[in-house]
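Open the model in your viewer and keep the sequence panel beside it. This tour tells you what to select next and what is there.

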Amino acid sequence: MTWIILILAGLLEVVWAVGLKYTEGFTKLIPSALTLTAMAGSVGMLGLALRTLPLGTAYAIWTGIGTVGTVVYGIVMLDEPSSIVRLTCIAMIVGGIIGLKISTV
């Protein structure tokens, strides 16, 4: 269950990172409220996951999920570049996340 909470926390990190783009400097009420709610949920769930997971592992996976998800959103929805170098770097982050999960008992 802890891993599910951590994954959900990482997905909420994607939500708030993407949400920042739409808040226009926190001048838009609804996007700002949704972004702040996602931030609180993401950090709160990370805190729950840290009850049983090692700090370094949980934090790296949380930020990795957020990073990969945000870049994928940017590529798919915002027409950001998807060069082979960018995709290779993202693949390395995913590999690191998988390696941390496998190595954590």
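Start with Asp79, which is exposed, with a relative accessible area of 70%. Here exposed means over 50% relative accessible area, buried means under 20%, and partly exposed lies in between (1.4 Å probe, protein chains only). Asp79 sits in the loop between H3 and helix H4 (84-103). Its phi is positive, about 55 degrees, although Asp79 is not a glycine.

Before going on, note that this is a predicted model: local features need pLDDT of at least 70, side-chain atom pairs count only at pLDDT 80 or more, and totals for chains, interfaces and linings use all residues. Residues are numbered from 1 along each chain as its sequence is written, and side-chain values use heavy atoms, with hydrogens and water left out.

**The whole chain**

Zoom out and colour by secondary structure. The protein has four helices and zero strands, and from the N terminus on the elements run α-α-α-α. Helices (H or I, at least four residues) and strands (E, at least two) are DSSP runs, numbered from the N terminus. The C-alpha atoms fill a box of roughly 45 × 35 × 15 Å, taken along the principal axes. Of the 105 residues, 30% count as buried. Now show the surface: the accessible surface comes to about 6400 Å², of which 75% belongs to carbon and sulfur atoms. Such areas come from the Shrake-Rupley method with a 1.4 Å probe; for residues, only the protein chains shown count as cover.

**Helix H1**

Select residues 2-23, which form helix H1. How far apart are its end C-alpha atoms? They are 31 Å apart, which agrees with the 32 Å that 22 residues should span at 1.5 Å a residue. The expected span is 1.5 Å times one less than the number of residues. Next, pick out the buried residues of H1, among them Ile5, Ala9, Glu13, Trp16 and Thr23. What covers the buried residues of H1 includes H2 and helix H3 (55-77).

Select Thr23, which lies in helix H1. Is Thr23 buried or exposed? At 1% relative accessibility, Thr23 counts as buried. Leaving aside neighbours within four places in sequence, Thr23 is in contact with Lys28, Pro31, Ser32 and Thr35; contact means heavy atoms within 4.5 Å.

Not counting residues up to four places away in sequence, Thr35 touches Trp16, Gly19, Leu20, Thr23 and Phe26.

Glu24 has a positive phi of about 50 degrees although it is not a glycine.

**Annotated spans**

Last, select residues 33-50, 57-78 and 84-102, which an unreviewed UniProt entry annotates as "transmembrane region". UniProt positions are given in the numbering used here, feature names are shortened, and annotations may be inferred rather than shown by experiment. In residues 57-78 the end C-alpha atoms lie 30 Å apart, and the span is 95% helix and 0% strand. In residues 84-102 the end C-alpha atoms lie 26 Å apart, and the span is 100% helix and 0% strand.
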